[in-house]
Amino acid sequence: MHGAPHEPRPIAIALSGMLALAVAMGIGRFAFTPLLPMMLHDRVTDLAGGSWLATANYFGYWLGAMACAVQPALWRRRAFAPLRHTRVVRLGLVATALLTLCMALPPALLWPLWRFLAGVASALVFVFVSGWCLARLAALGAPALAGIIYVGPGLGIAISGFAATAMVAGGVSAAAGWAVFALLAVLLAAIAWPQLRGEVPAPPAAAGGDPPPPHATIAAFTLAYGLAGFGYIVTATFLPVIARQALPAGSVWLDLFWPIFGIGVSIGSLLTMRVPLALDRRHLLIGCYAMQAAGVMAGVWLPSLAGFALGSVLLGLPFTAITLFALQEARRLRPHDTAALSGGLTAAWGFGQIAGPPLVAWLLQRSASPAAGFTLALQIAAAALLAGAAIYGALARERPLTA
């Protein structure tokens, strides 16, 4: 054996994945949520414009996920050979920082393009860093550390949320906020950068086991996961705005519900490390969907500080746990074609969330008040989550785990 570079420790791999997702998801995707009230205050956009900016980002995320779904075929082409897992992740992190900075600059006419491209970068980083980390951790005998990876989105959400709260208190403009988040993306990516090397190990040869699931099972599983994308996105896009519709102006809590959501995401991800691997992931997903549905409706049932705080926690705790459990189930269903199925799941999730902001914009135009429009949108979102839970229940009954 020649002097190969030292294999990174499992914890280093998990932490690098966490920071990559903090940049791509917590900043590239979700920094828009705490900055939207600042943009509304600066009158650089309105609620309808904000909805379409969010949709541009989600459409980019969907398109990036679709590219990941077909990537095994693309990667067999010589022209794509240099673009492997960690290189795609690094390119995506650089793109996220640059595109976040572009949102601080005029003209506003280009903002939908920047948000679209940021969505593409987020999907690429998410799918590739997830596949890389999960496979490396499994090969090193530390699959339980996967929960650390998905702390990343919550970490990014919490940091950006608290930063936005401080900037609102200081009267900082939305443009300056975008620039601050771009700098934060650079700092977090620089910490993760040295560990982002090495490729995904080849899976072991197939050895019996359960027969492959029928296509109908895969389709139902994908649909259920896509409903999670639709179910969470109304709250995840408009939480600070919804709170402002229901609570007195000037409350310090108005800008703290979003970082509370991020803290819940991080805690929920860490809690997954204590979940036995033998448990049926579909049963866990049912519980997660039910918890998120309750979180979506908490602000409707209890439109108060306590209701919005509770809703933020209930929505956040299972947020990345849903992703982890779904990807683990994908590895069980398709152990030798996980990348394509993971990309398909992410595309379905992305398609589900594309529908959220336009639905809100449509309901706001046709409702007696913004509060009424948001209430109806949240009710539809909660119903979608319960429908997804029902699909998982049917799949678990149809194909129970074998001992």
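Residues are numbered from 1 along each chain as its sequence is written. Because the model is predicted, local features need pLDDT of at least 70 and side-chain atom pairs count only at pLDDT 80 or more, while totals for chains, interfaces and linings use all residues, and side-chain values use heavy atoms, leaving out hydrogens and water.

Select Arg43 first. Arg43 sits in the loop between α2 (32–41) and α3 (47–69); helices here are DSSP runs of H or I with at least four residues, numbered from the N terminus. Although Arg43 is not a glycine, its phi is positive, at about 60°. Its relative accessibility of 76% makes Arg43 exposed (over 50% relative accessible area, 1.4 Å probe, protein chains only).

Next, display α3 together with α16 (residues 356–366). Their axes, lines fitted to C-alpha atoms over the stretch in contact, lie 8 Å apart at an angle of about 160°, taken from 0 to 180 degrees between N-to-C directions. The two helices are therefore roughly antiparallel, a term for angles over 145 degrees.

To see the contact (heavy atoms within 4.5 Å), select Leu47, Ser51, Trp52, Ala54, Thr55 and Tyr58 in α3, which meet Pro357, Pro358, Ala361 and Leu364 in α16. By class, this contact has eight nonpolar residues, two polar and no charged ones (Ala, Val, Leu, Ile, Met, Phe, Trp, Tyr, Cys and Pro are nonpolar; Asp, Glu, Lys and Arg are charged; the others, Gly among them, are polar).

Finally, move to Pro107, in the loop between α5 (85–102) and α6 (111–139). The peptide bond from Pro106 to Pro107 is cis, its omega being near 5°.

Note on methods: Buried means under 20% relative accessible area, exposed over 50%, partly exposed in between (1.4 Å probe, protein chains only). Angles under 35 degrees count as roughly parallel, over 145 as roughly antiparallel, 65 to 115 as roughly perpendicular and the rest as oblique.
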